[in-house]
Amino acid sequence: AFSTVFNFTTENVVCGVINSTDTPINIPDDNTSGISSSISVLEDNNKTITDVNVTVNISHTWVGDLALTLVSPSGTPVILSSNNGGEGDGYSNTTFDNDVTQSITDGIPPYSGVFKPQGDLSTLINEESYGDWILKVVDSGPADIGSIDNWSIEICGIPVISNDNDKDGVLNVDDACPNTPLNTVVDATGCPIFSLPSNNFE
């Protein structure tokens, strides 16, 4: 007797790095609103995520004032580092990677190298990468100042082949505005519907 032969097709995982283009940005001192920098992933680079790593360069004279959070296009927040390092200086080519053992909480500033973030980047697995990725930095202490000098995100995943690339509910063949930002209200042609704010008539 012969055993049954099974054939499996494994989808290719593709990785890519995207760099910030809106930096450097000054970080407001002693301000709980903080500042945000964004990196956009276009629909033709959309992937179902298998791994995410983040590299930051942040100058600051009292790094313990800072909290760094990555927010995915779907709105999922991941704390990279929060109020670590005391009076040390900043982050220098600091990579946050879930696959390493040394936590950022065990590092010594200025932070340089690869660290496990305080939050869990694996919570982003199976989300789609398309849209705006946000790095939010909050400086919760007085006197010392700094800036987001630059940052980048590496996203690995399985390319998404879709008939609605920009996720607006209108198929590509009917979409007159194929690059509509996520969560935009569109008409039947896939173009944004302009509306005045509700308080515009007050």
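Which strand holds asparagine 26? Keep that question in mind as we set up the view.

**Before you click**

You are looking at a predicted model, in which local features need pLDDT of at least 70, side-chain atom pairs count only at pLDDT 80 or more, and totals for chains, interfaces and linings use all residues. Residues are numbered from 1 along each chain as its sequence is written, and side-chain values use heavy atoms, with hydrogens and water left out.

**The whole chain**

Start by showing the chain as a cartoon. You will find 10 strands and 0 helices; both are DSSP runs numbered from the N terminus, helices being H or I of at least four residues and strands E of at least two. The C-alpha atoms occupy a box of roughly 75 × 60 × 25 Å along the principal axes. Of the 202 residues, 40% are buried, where buried means under 20% relative accessible area, exposed over 50%, and partly exposed in between, using a 1.4 Å probe and protein chains only.

**Stop 1: asparagine 26**

Select asparagine 26, and you have your answer: strand β2, residues 25–27. Asparagine 26 is exposed, at a relative accessible area of 63%. Now show its contacts (heavy atoms within 4.5 Å). Beyond neighbours within four places in sequence, asparagine 26 meets Ile35, Gly146 and Ser147.

**Stop 2: proline 117**

Next, select proline 117, in the loop between β8 (111–115) and β9. Is proline 117 buried or exposed? Proline 117 is buried, with a relative accessible area of 3%. Leaving out residues up to four places away in sequence, proline 117 touches Ile79, Leu80, Phe96, Asp97, Asn98 and Ile104. Then pick serine 129: 12 residues separate it from proline 117 in sequence, and 19 Å in space, C-alpha to C-alpha.

**Stop 3: the largest pocket**

Finally, select Tyr130, Gly131, Asp132, Pro181 and Leu182, the closest to the centre of the largest pocket among its 13 lining residues. A pocket here is an open set of points on a 1 Å grid over the protein atoms alone, where a 1.4 Å probe fits and protein lies on both sides within 12 Å along at least five of seven lines; lining residues have an atom within 4 Å of a point. This pocket holds about 190 Å³ of space. Colour β3 (31–41) and β9 (131–139) as well: each supplies at least two residues of the lining.

Technical notes:
Points joined across faces, edges and corners; volume = space filled by probe spheres on them.
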